[in-house]
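Student: I have a model open and would like to understand the labels attached to it. Could you take me through them?

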Amino acid sequence: MLRLISCYVTGFGRLENFEFQFNDGLNTVLEENGWGKTTFCVFLKSMFYGMEYKRGKSLTERKHYLPWSGAVYGGNLVFEKDDKRYRIERTFGAKDKDDTFCLMDLDTEKESFDYTENIGEELFEVDRESFEKSLFSPQEEIKTSMTDSLNAKMGDLSAAKDDMNNFDVAIAKIEEAKKEYSQRSQVNPGKLMRVQSEISQCREMVEVLPVKLEAYDLQGKLLQDKNHQLLKLKEERTKIADRIAAQSKREQEIGALKAKRESLKKSKEELAQLDDFFAKGIPEAEEISDIQEKQNSLHGILGRFESVHSLLPSKADEGKLNEMFRDHEVTEDQLDAWDEQAQRMKELRVQGEHNQMPEEEKTKLSELKYYFSKKVPSEEELSAVSEQVTSLVRADAELSVREKQYQTLLAEKEVLEKSEKGKERGAGLVWLFFLLGVVCIVGGVVFTYYIHEDISLMVATAFYVAGIVLELVVFVQMLHRRTRHTTRRQGLDEQLAEALEELEESRQLRDDINDSCKEFLSGYLVTPTESMRDMIREIQDKTLLYNQLLEEEKKYNEQNSESLEELSELQLSMYTALSHYATVSNMNLYEDHCEMELLHRLHNDYRTYKEYKENKKIEKELREQKEFLEEEINGFLERFPVIEEEENRLTGIEHNLRSYQRLSEQVEALEQELEAMKEVSDLPEDEASIEQLQATQQEMEAQSDLLNEQLVRDNEELNRISEEIEACEDAKERLEGLLEEESEIKEKIEIYELSAKYLQQAKDNFLSKYMGPLRKGLRHYLSMIYDEESSFLLAKNFSLDMDLKVHYNFQGSTKEEGYLSAGYKDLVAFCSRLALIDALYLEEKPILILDDPFTDLDNEKIKESLSLLKEIARDRQVLYFTCHKSRMV
């Protein structure tokens, strides 16, 4: 018999480092919702069966119970079986391949191989699903149902377990094989439907075979008739072609005669028009060639004239050139001399520029002149202000010391005042002495006047002495304290007054020095900084640099004085000589110093002026030649009329001359040919023309083409009928084989149907053997829970089918469990589960794990169910979890 001893959870859901000890019999766990009762139950199941891994599910049991804190996922469970103690150790990962399993023998503390990682199936002899349907009741899943593993276990068929587990697979395969033959779907029909469809098609083809044979004979006769018609048309077309050839030859001769007559008439008309054109005489070819040469020469002269004319300057440029050079001629020597002078002036300017102060120093000097635009400080002023800055630093330090001294004295005074207040609070002891003195004096009075004993006088005297001494001590102490505090306070006040006066003097001195420095700095564009010493140092540095740059500027100016004198003399001489040309060119030499540019223009303009004079001379000569040739050509052209469509009149005259010669020769030749063709006569009126014969020929060709097309179609039709006849004959032969195949398929379908039927009957007969104990157990447990006399539902009327579904027989009608209330359904399901466990385990009483199964029961049913739970816990270990005291055992 299996018994749980203890467990330890390292990490499982929200449970972490959790330990639990199991007892024999009933173990109850009462905890509130969220504590982890269901998590604990699943942990126990996972120790026996591991964690199931299912690919693709969004939230599997493995993911659901991952440790919240990230602890090691798993734990251990200690149990006893057959007087041996074992410890199951399991850890779980993201996938089943990451899981670990170890079974330890606690008697030897070594790893045990008595069981594998499938220890749950080996201990309880059922798989995971069947465990949840029997010994393990998850929350809100009290209902049970039949599985193949339960079937095998209840029938004590451990050897045949695989066959029972594969029963549904066998039935499914039979149905799948049967569907392959008998399916009636139009999309994916079975073999029987396909064979029957093919049989139907073959029968239809066999029935039309005689009709196809008759159609084949008719089509053959039709082809013979059309071939005969085509042969007859071919003979008639040959005759028509011969007639057309003969008629065409004769018509060509007559047409040629008519064409020549028309051509002769047209040629004479054109020749008459040309006689009018050459009324003033027909020119010779040499004359036209001479005029053509003159025209070509004229074209060349015109081209040169235009080219030369295009080189001439515009009227404005022409006037400017004449104004510049007509009365002020220059020579190349003069221009070269001026170029040398300009080059020397350029060298002098460059030399002056090289002797100039560098741009960077010029820029810096310009900036410093602006910086010292108000005033340039002397060395004495800079030394004085430097000393003031040093004094200012010392004044700042002295002021800081004075301020610290003054603050220290203020702090001492504040401490003194607090000390006086504290001592006033601490004067309680003095007042205590004072009161004690008063008490002693009062005691002396009491012993003197009210107590008459022998020792009363002595005691009274002692009290008086003590009281007087105490009062004197109090008086002296208070006088000393007051004197000391008064002296101390007066000393501090005098020190504070003196320190404040010195502080004010230091502050005034520092302000005076600071104002003097600021006044000095206000005269310069100094860069503001927190340190006045840095600002004074900046002025000193810039003053030194400014004086150095002024000296440099003076040196450069002295070096450039000689070059400037030579440059002035050259400039005066040259600007005087070039003044006329500068005025015409709108240039100001004295302001722009552009003598190089002016000389460059002067060279170009002088060159242009010489070319202008040369081109002007050539233009005059070409104009004279052009006028002479134009006169000669125009004299020749005026002899002939103007030809509007011809742009070149000479070309038109030449063309007309060639036409005149050609037409004269053509007229003479046509007259001779017509004289030779007088024997050709016209056609007779009753003879068919070549057009009519050709029309008849085209009609015959169209008939032949139509017959050929019909023959092609008829041949195709004959071939198609022939193919259909062959297909029908093939179908006739194939029909016999299909009928045999149909018979074989029907036999196979019948075999599959009988196989499924007999398998189901065998299963039902097999299962019916253990349904009796199950029904008996259900009624037994129901009768233990409630009294049938007070209930309209009798235990004997409840029954279970082979799938463990509950039915109730009410007045001859069978009702399913859906007709019961939620409470009754849970109650009956609980009893069904207990009956199933009894049927499964006849020789031992296994553990039972219940996760709050009585949530839907009323108080009375809960009470009875808990009584039943205690009863069954007498001989087995039961783990019962609940969240409410009302459901506690």
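Student: Why is Asp83 called exposed?

Tutor: The relative accessible area of Asp83 is 71%, and exposed means over 50%, buried under 20%, and partly exposed in between, with a 1.4 Å probe and protein chains only. Asp83 is therefore exposed. Bear in mind that this is a predicted model, where local features need pLDDT of at least 70, side-chain atom pairs count only at pLDDT 80 or more, and totals for chains, interfaces and linings use all residues. Residues are numbered from 1 along each chain as its sequence is written, and side-chain values use heavy atoms, with hydrogens and water left out.

Student: Is Asp105 buried or exposed, and how do you know?

Tutor: Its relative accessible area is 9%, so Asp105 is buried. Asp105 is placed in strand β6 (residues 100-105). It touches Lys84, Arg85, Tyr86, Lys110 and Ser112, leaving aside residues up to four places away in sequence; contact means heavy atoms within 4.5 Å.

Student: What makes the pair Asp105 and Asp107 a polar contact?

Tutor: A polar atom of the Asp105 side chain lies 3.0 Å from the backbone nitrogen of Asp107. The definition asks for N or O atoms within 3.5 Å, one able to donate a hydrogen and the other to accept it within protein, and residues adjacent in sequence count only if both atoms are side-chain atoms.

Student: How do you know that β12 and β13 are paired?

Tutor: Pairing takes at least two bridges found by DSSP, and β12 and β13 (residues 878-882) have 4, in the parallel sense. Leu848, for example, stands opposite Val878 in β13. With β8 (residues 136-137), β12 has 2 parallel bridges, and there Ser137 faces Leu850 of β12.

Student: Why are β3 and β8 described as edges?

Tutor: The open sheet has 4 strands in the order β3-β13-β12-β8, with parallel pairing. β3 (26-30) and β8 each have a single partner strand, so one side of each is left without a neighbour in the sheet. For β3 that partner is β13, joined by 5 bridges.

Student: What makes β12 a strand with both faces covered?

Tutor: In β12 (residues 848-851), Leu848 and Leu850 on one side and Ile849 and Asp851 on the other are all buried. Side chains in a regular strand alternate between the two faces of the sheet.

Student: Why is the unit of β12, α26 and β13 called right-handed?

Tutor: The term applies if, with the strands pointing away from the viewer, the path from the first strand over the helix to the second runs clockwise. The β-α-β unit made by β12, α26 (residues 859-872) and β13 is right-handed.
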